[in-house]
Amino acid sequence: MSPIEFSKFHGFGNDYIVVEKSEAAVASISEFAKAICRRHTGAGADGVAILSRLESGADYFCEIINPDGTIAGFSGNGTRCAVAYLYKNCLWSARDLKLETKSGVKNYHLLRSSGEYHYTFEAEIGKPAFSATEIPFASAESSDVIDRDVKLGDAMFTVSCVNVGNPVACIFVDDFAIDWRSAGRSLETNASFPERANIVFVKIIDRENIEIRIWERGAGETSASGTCASASAVLSAYTGRTQRQVDVRMEGGVSTVVWRNDDEIVLTGSAEFVYSGEWPAVAA
């Protein structure tokens, strides 16, 4: 079998392996993702984005695989890396592109590019869902999940939740002095989240700026996340803490999120090419 050609991109340090579906002819996509994403024995990544051309509707389909082998509903940074791959490899030239994902069609607009290495996109990624059944959040109530208490051992965490293609639970904090990594790891698989959840710790700076720390479902700690940035911005506005446009400061960089009056979320961020390589088919 021929080796699998891949490219690695990152969005604010949140890195993804991008592969065309025709290349990813492996016995198990899950095992391939787990192997290539390993930091010490693989290429190292926070996930795999698999692209395939569509004949109707959207222009391309993108499937995101987490480093633990599970399928993600959506990834803001992962899909942005995938779209950047299309431009870098001259597979798409128009400034607008429709990308179908597991959570619906997303619209990408190329704002600017720097050579063949750095791309900035504005993306319409859909409307948020707040009800307990849509997130999902285990609750007898079907209303929105705002300021709900979740017990974790002897501790209690107050969470607010939204689904932005993936379920996200936000915890508003004054600072990040708490052991948020340990809490995020345990909360991800808490019984309150039957499909697990991304756990985000949110610090409000002012009405137009927030800062977050991220524990991603299936990936663990990441330096950035498009869905987590979007969810934290939406929930900050929904709870009256900020305006509907905020800069979200992450350890890897800053994304701008606008929650428009028509409910559409618009995410602006970058994707940068790292390198291309070949993965031996025998290892897939």
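Predicted model: local features only at pLDDT ≥ 70, side-chain atom pairs only at ≥ 80, totals over all residues.
Which residues of helix α3 (residues 180–188) are buried? Residues are numbered from 1 along each chain as its sequence is written, and side-chain values use heavy atoms, with hydrogens and water left out.

**View 1. The buried face of helix α3.** The buried residues of α3 are W180, A183, G184, L187 and E188, where buried means under 20% relative accessible area, exposed means over 50%, and partly exposed lies in between (1.4 Å probe, protein chains only). Helices (H or I, at least four residues) and strands (E, at least two) are DSSP runs, numbered from the N terminus. Seen down the axis of α3, the buried residues fall within an arc of 125 degrees, taken from the directions from the helix axis to the C-beta atoms, so they line one face of the helix. They pack against β9, β10 (155–163), β11 (167–172), β12 (198–206), β13 (209–216) and β14.

**View 2. T222 in strand β14.** Strand β14 (residues 220–222) contains T222, which is buried with a relative accessible area of 3%. With contact meaning heavy atoms within 4.5 Å, and residues up to four places away in sequence not counted, T222 touches N14, D46, I214 and E216.

**View 3. The aromatic pair F9 and F273.** Rings of Phe, Tyr and Trp (its six-membered ring) pair if their centres lie within 6.5 Å, and planes under 30 degrees apart count as stacked, over 60 as edge-to-face and the rest as tilted. By this rule the count comes to 12 aromatic pairs. In one of them, the rings of F9 and F273 have centres 5.4 Å apart and planes at 65 degrees, so the pair is edge-to-face. Because F9 lies in strand β1 (residues 4–11) and F273 in strand β17 (residues 265–279), the pair ties together parts that are 264 residues apart in sequence.

View 4. F130 is buried at 12% relative accessibility, and W259 is buried with a relative accessible area of 5%. The charged end of R244 sits over the ring of W259, 3.9 Å from its centre, the criterion being NZ of Lys or CZ of Arg within 6 Å of the ring centre and within 35 degrees of the ring normal.

View 5. The peptide bond from I135 to P136 is cis, with omega near -10 degrees, and P136 lies in the loop between β8 and β9. F12, found in the loop between β1 and β2 (14–20), has a positive phi of about 60 degrees although it is not a glycine, and F12 is buried with a relative accessible area of 14%. C90, in the loop between α2 (76–88) and β6 (96–101), has a positive phi near 55 degrees and counts as exposed at 68% relative accessibility.
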